[in-house]
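Take a look at the chain below. Then read on for a short tour of its fold.

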Amino acid sequence: MFWTFVATVFCGLGAAGIALGIRTVTRNRAPKWIIPVFAGMGMLGYLIYGEYTWYDHKKTLLPDEAVVVNTESDSILWRPWTFVFPYVTAFSTVDTKSISHDTSNSDIVRFTLYRFEQKMTDAVSHRIHILNCESRELVPLGSDGTPRVDNMKVLGTSDTLLKTVCTG
């Protein structure tokens with residue numbers, strides 16, 4: 001976050017420098033107010049660029065065994081451009097090296113699901129899940145290793161998570 005702040009300030013300074021150059025070229029006929037406007041637009045532009053490229057950047061940092069199975073895009077009221085061009089705010093990945101068959105039933109699969117969220121500081125959480133490939137029932141495990149049946153959900157037949165875990 002510190003480096004994002006530093007980069008934002010430098011983008012603002014660079015854009016303000018462009019405005020100073022415009023004032024110099026026009027022999028100070030351009031209004032003085034373009035300097036802070038350019039600085040603000042430069043900083044805002046950098047932050048918007050960072051929001052829209054966050055997912056692609058994070059995806060390049062993932063190891064080969066991590067497979068993206070879900071993305072979430074949101075529109076946010078105080079960012080009105082997101083209603084026209086929503087961006088990825090969170091995504092989930094499966095660690096294919098964590099996929100295991102713990103029981104004698106080959107349809108029951110255990111795996112680790114990671115969730116990445118774009119916030120003020122990036123948040124990463126992980127949880128172990130059990131998936132019945134035949135009935136498509138996904139059950140997270142609690143911290144004590146017991147299945148949390150109250151959080152069970154049934155996946156669709158075309159769900160990427162189901163395809164990744166059961167065919168992998």
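This report moves from the whole chain to single residues.

## The overall fold

The model shown here is predicted. The chain holds 3 helices and 6 strands. Starting at the N terminus, the order of elements is α-α-β-β-β-β-β-β-α.

How do the dimensions of the chain come out? Along the principal axes, the C-alpha atoms fill a box of roughly 80 × 25 × 25 Å. The radius of gyration of the chain is 23 Å, while a compact globule of 168 residues would have one near 15 Å.

## Surface, burial and charge

Of the chain's 168 residues, 29% count as buried. The accessible surface is about 11,000 Å². Carbon and sulfur atoms make up 60% of that surface.

The chain carries 16 positive and 16 negative side chains. The centres of these two sets lie 16 Å apart.

How many aromatic pairs does the count give? The count comes to 5 aromatic pairs. One of them is Tyr52 with Tyr87: the ring centres are 5.1 Å apart and the planes meet at 55 degrees, so this pair is tilted. Tyr52 sits in helix H2 (residues 34-61) and Tyr87 in strand E2 (residues 87-95), so the pair ties together parts that are 35 residues apart in sequence. Is Tyr52 buried, exposed or partly exposed? Tyr52 is partly exposed, at a relative accessible area of 29%. Tyr87 counts as buried, at 5% relative accessibility.

Another pair is Tyr55 with Phe91. Their ring centres are 5.1 Å apart and their planes are at 75 degrees, so this pair is edge-to-face. Tyr55 belongs to helix H2 and Phe91 to strand E2, so the pair ties together parts that are 36 residues apart in sequence. Tyr55 counts as buried, with 14% relative accessibility. Phe91 counts as buried as well, at 1%. Ring pairs also build a cluster, which links Trp54, Tyr55, Phe91 and Phe116.

Thr8 lies in helix H1 (residues 2-25). Its relative accessible area is 9%. The cut-off for buried is under 20%, so Thr8 is buried. Which residues does Thr8 touch, leaving out those up to four places away in sequence? Thr8 touches Met43, Tyr46 and Leu47.

Thr89 has its place in strand E2. At 10% relative accessibility, Thr89 counts as buried. Leaving out residues up to four places away in sequence, Thr89 touches Trp54, Glu72, Ser73, Asp74, Phe116, Glu117 and Gln118. Compare the positions of Thr89 and Tyr52. In sequence they are 37 residues apart. In space, their C-alpha atoms are 8.9 Å apart.

## The loop between H1 and H2

Next come two residues with a particular backbone angle. Most residues other than glycine have a negative phi. Arg27 has a positive phi, near 55 degrees, and is not a glycine. Arg27 is found in the loop between H1 and H2. Is Arg27 buried or exposed? Arg27 counts as exposed, at 69% relative accessibility.

Asn28 lies in the loop between H1 and H2. Asn28 has a positive phi of about 60 degrees, although it is not a glycine. Its relative accessible area is 54%. The cut-off for exposed is over 50%, so Asn28 is exposed.

## A buried leucine in a loop

Where is Leu62 found? Leu62 is in the loop between H2 and strand E1 (66-74). At 15% relative accessibility, Leu62 counts as buried. Leaving out residues up to four places away in sequence, Leu62 touches Val68, Phe91, Thr93 and Phe116.

Leu62 and Ser125 are 63 residues apart along the chain. Their C-alpha atoms are separated by 14 Å.

Definitions and conventions. Residues numbered from 1 in each chain as written. Predicted model: local features only at pLDDT ≥ 70, side-chain atom pairs only at ≥ 80, totals over all residues. Heavy atoms only, no water. Helix = DSSP H or I, 4+ residues; strand = E, 2+ residues; numbered from the N terminus. Rg over C-alpha atoms; globule rule 2.2 N^0.38 Å. Buried < 20%, exposed > 50% of the residue type's maximum accessible area, 1.4 Å probe, protein only. Areas by Shrake-Rupley, 256 points an atom, 1.4 Å probe, with all protein chains shown as cover. Lys, Arg positive; Asp, Glu negative; His and termini not counted. Charge placed at Lys NZ, Arg CZ, Asp CG, Glu CD. Phe/Tyr/Trp six-rings, centres within 6.5 Å; stacked < 30°, edge-to-face > 60°. Contact = heavy atoms within 4.5 Å.
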